[in-house]
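Colleague: I'd like to learn how to read a model like this one. Could you take me through it feature by feature?

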Amino acid sequence: MIPDPELLERELRVAQRIQRTLVQLLGVEADGWEITSEYRPARSIGGDFFDVFPILDPARPRQLGVVIADVSGKGISAALLMAFVRPVMRSAMDRSAGPAKALELMNTILVDERRTGLFVTVLAGVLDLNTGRFSYANGGHELPIVVPAIGGEARTVPGGGPLLGMFG
């Protein structure tokens, strides 16, 4: 049976709207901080995402989780895995002692649950709103760039680990 092109187009538009809602940074409370975002997928829908959210662990008040990730591949399959990874990553960040442990947990889950050849690169961090300290871990993602607020040159921050979902 040949799929109805109009039905496929409607489904794709719905998927695009869902993805946009998943990458909007709405309702993030961060007194003294300004948080903004912009997202443009490489195709009409894709597997890139970013997220900023309060850490729910009461022992870590005024901390925000920050995640930038890219599911390998493009299109609908990458978007579906992104929709799975996003809430699991939030949960891992809430329940782990730090970003590196969260990435280890996320990798274990992806290796156990992944049924495709797709993998994920992730830069995950925790911003302490009281001190301004940002701790992070890199799971195969591009190196972060630090841009000093007052002069100075932008620089990459070395370090990283394996991408997630490929190796146990």
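Colleague: Which strands does H3 lie across, and at what angle does it run to S4?

Modeller: Axes are lines fitted to C-alpha atoms, for helices over the stretch in contact (heavy atoms within 4.5 Å), and angles run from 0 to 180 degrees between N-to-C directions. Here, H3 lies across S3 and S4 and makes about 30° with S4. Keep in mind that this is a predicted model, in which local features need pLDDT of at least 70 and side-chain atom pairs count only at pLDDT 80 or more, while totals for chains, interfaces and linings use all residues. Residues are numbered from 1 along each chain as its sequence is written, and side-chain values use heavy atoms, leaving out hydrogens and water.

Colleague: In what order do the strands of the sheet come?

Modeller: Look for pairing, which needs at least two DSSP bridges between two strands. This open sheet has four strands in the order S1-S2-S3-S4, with antiparallel pairing. S1 and S4 (134–139) are its edge strands, each pairing on one side only. On average, neighbouring strands are turned by 10° against each other, direction ignored. H2 packs on this sheet, where it touches S1, S2 and S3, and its direction makes about 25° with that of S1.

Colleague: How many bridges join S1 to S2, and how many join S2 to S3?

Modeller: Seven bridges link S1 with S2, and nine link S2 with S3.

Colleague: Which residues does Val-120 touch, leaving aside its neighbours within four places in sequence?

Modeller: Its contacts include Ala-69, Val-71, Leu-81, Val-85, Leu-110 and Leu-163.

Colleague: How many salt bridges does a search of the whole structure find?

Modeller: Look for a side-chain nitrogen of Lys or Arg within 4 Å of a carboxyl oxygen of Asp or Glu. The search finds four. In one of them, Arg-90 and Asp-51 have their closest N and O atoms 2.6 Å apart. Arg-90 is in H2 and Asp-51 in S1, so this pair ties together parts that are 39 residues apart in sequence. Asp-51 is buried at 3% relative accessible area, whereas Arg-90 is partly exposed at 29%. Together with Arg-86, these two residues form a network of salt bridges.

Colleague: And which residue meets Lys-101 in a salt bridge?

Modeller: Its partner is Glu-104, at 3.6 Å from N to O. Both residues lie in H3, three residues apart, about one turn of the helix. Another salt bridge joins Arg-60 and Asp-57 at 3.5 Å; Arg-60 is buried at 13%, and Asp-57 is partly exposed at 27%.

Colleague: Why is the pair of Phe-134 and Tyr-136 called stacked?

Modeller: An aromatic pair is described by the distance of the ring centres and the angle of the planes. Rings of Phe, Tyr and Trp (its six-membered ring) pair if their centres lie within 6.5 Å; planes under 30 degrees apart count as stacked, over 60 as edge-to-face and the rest as tilted. The centres of Phe-134 and Tyr-136 are 6.2 Å apart and the planes are at 15°, so the pair is stacked. Phe-134 is partly exposed at 40%, and Tyr-136 is partly exposed at 29%.

Key
Helix = DSSP H or I, 4+ residues; strand = E, 2+ residues; numbered from the N terminus. Buried < 20%, exposed > 50% of the residue type's maximum accessible area, 1.4 Å probe, protein only.
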